[in-house]
Amino acid sequence: MKKFFLKFITTILVVCILAGLFVTAKGYNMFREALEECSLTDKIQGIRTRENYTYLEELPKIYIDAVLAVEDHRYYNHGPIDIISIGRALWVNLTSFSLVEGGSTITQQLAKNIYFTQEKKLDRKIAEIFMAFALENQYEKDEILELYVNTIYFGSGYYGVYDACRGYFGKDPAEMTDYESTLLAGIPNAPSVYSPDASPELSRQRHQQVLARMVDCGYITEEDAQAIMTNLNVVYCKSKNVYNTYLFPK
């Protein structure tokens with residue numbers, strides 16, 4: 001019985017290793033095909049030459065802090081992948097028997113946004129990881145973060161931080177208030193849900209989550225968060241084509 005059990009376990013391990021190698025090979029091939037279709041240099045250059053491309057220094061510091069807090073608060077302290085986040089995501093996925101959490105870094109998200117689809121497939125995830133290593137091998141952390149905020153989707157048809165600022169607030173990114181900066185940072189997590197145009201109430205709840213996360217990460221204090229939420233809240237309501245001060249009342 002003991003020999004049978006050991007043989008069974010060995011067989012399972014071999015199958016898992018072979019399956020892992022197969023998926024990794026598929027992911028690597030997907031990564032190579034993506035680069036053959038468009039090199040990383042050409043892809044990044046295409047993004048940087050877009051109209052209204054926004055540089056990191058043009059963004060309020062609190063917006064950058066909010067993005068880091070909710071997306072990848074160890075961004076400047078880890079490489080292309082975050083082992084801690086991957087381990088947590090793996091545990092959540094195993095215990096829920098589904099791919100509900102990805103554990104992606106900002107670099108991985110950029111890789112996915114500019115090269116791959118949003119579908120949750122393991123080989124696509126492997127390709128994303130290879131691309132993340134390629135990105136950090138060629139570009140600095142600040143450059144990657146800058147590219148990220150210029151390519152993410154903010155809902156309501158807005159791609160990139162500039163279009164989102166103009167669409168939601170009627171102003172350039174540099175002019176955002178603390179309230180607008182922290183509100184905007186929370187939308188990309190689920191744009192169709194957290195867009196102020198789609199659901200003002202859910203957007204408000206997400207905004208509170210962002211502020212709470214910023215407090216947890218030490219970017220702001222509880223007093224700062226309260227002050228931000230009690231400021232005058234003016235958000236552009238696309239569906240009504242007006243600036244609405246009642247979407248997020250005091």
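I count a disulfide as a pair of cysteine sulfur atoms within 2.5 Å. With that cut-off I searched the whole structure and found zero disulfides.

Before going on, a note on what I'm looking at: this is a predicted model, so I take local features at pLDDT of at least 70 and side-chain atom pairs only at pLDDT 80 or more, while totals for chains, interfaces and linings use all residues. Residues are numbered from 1 along each chain as its sequence is written, and side-chain values use heavy atoms, with hydrogens and water left out.

**Cysteines.** I looked up two of them, using relative accessible area (buried is under 20%, exposed is over 50%, partly exposed is in between; 1.4 Å probe, protein chains only). Cys 38 comes out at 24% and so counts as partly exposed. Cys 165 is at 0%, so I put it down as buried.

**Overall layout.** I get 12 helices and two strands, taken as DSSP runs numbered from the N terminus (helices are H or I, at least four residues; strands are E, at least two). Along the sequence, the pattern reads α-α-α-α-α-α-α-α-α-α-α-α-β-β. Of the 250 residues, 45% count as buried. I then checked contacts (heavy atoms within 4.5 Å). Among those between residues at least 6 apart in sequence, 62% join residues at least 24 apart.

**Core.** A nonpolar core here is a set of buried Ala, Val, Leu, Ile, Met, Phe, Trp, Tyr and Cys residues joined through side-chain atoms within 4.5 Å. The largest one has 55 residues, and Leu 40, Tyr 63, Met 131, Leu 145, Phe 154 and Leu 184 touch the most other members. H3 gives the most to this core, seven residues. I followed up Leu 145: setting aside neighbours within four places in sequence, I find it in contact with Leu 56, Ile 64, Val 67, Leu 68, Tyr 75, Tyr 76 and Ile 106.

**H9.** Helix H9 (residues 178–186) has eight of its nine residues buried, so I see it as largely enclosed by the rest of the structure. Leu 184 is among the buried ones, as are Glu 180 and Thr 182.

**H3 against H11.** H3 (residues 61–71) and H11 (residues 200–216) pack at about 90°, with axes 9 Å apart. The axes are lines fitted to C-alpha atoms over the stretch in contact, and angles run from 0 to 180 degrees between N-to-C directions. That makes the pair roughly perpendicular, a label for 65 to 115 degrees. H3 brings Ile 62, Asp 65, Ala 66, Ala 69 and Val 70, and H11 brings Arg 206, Val 210, Arg 213 and Met 214.

Conventions:
Parallel < 35°, antiparallel > 145°, perpendicular 65-115°, else oblique.
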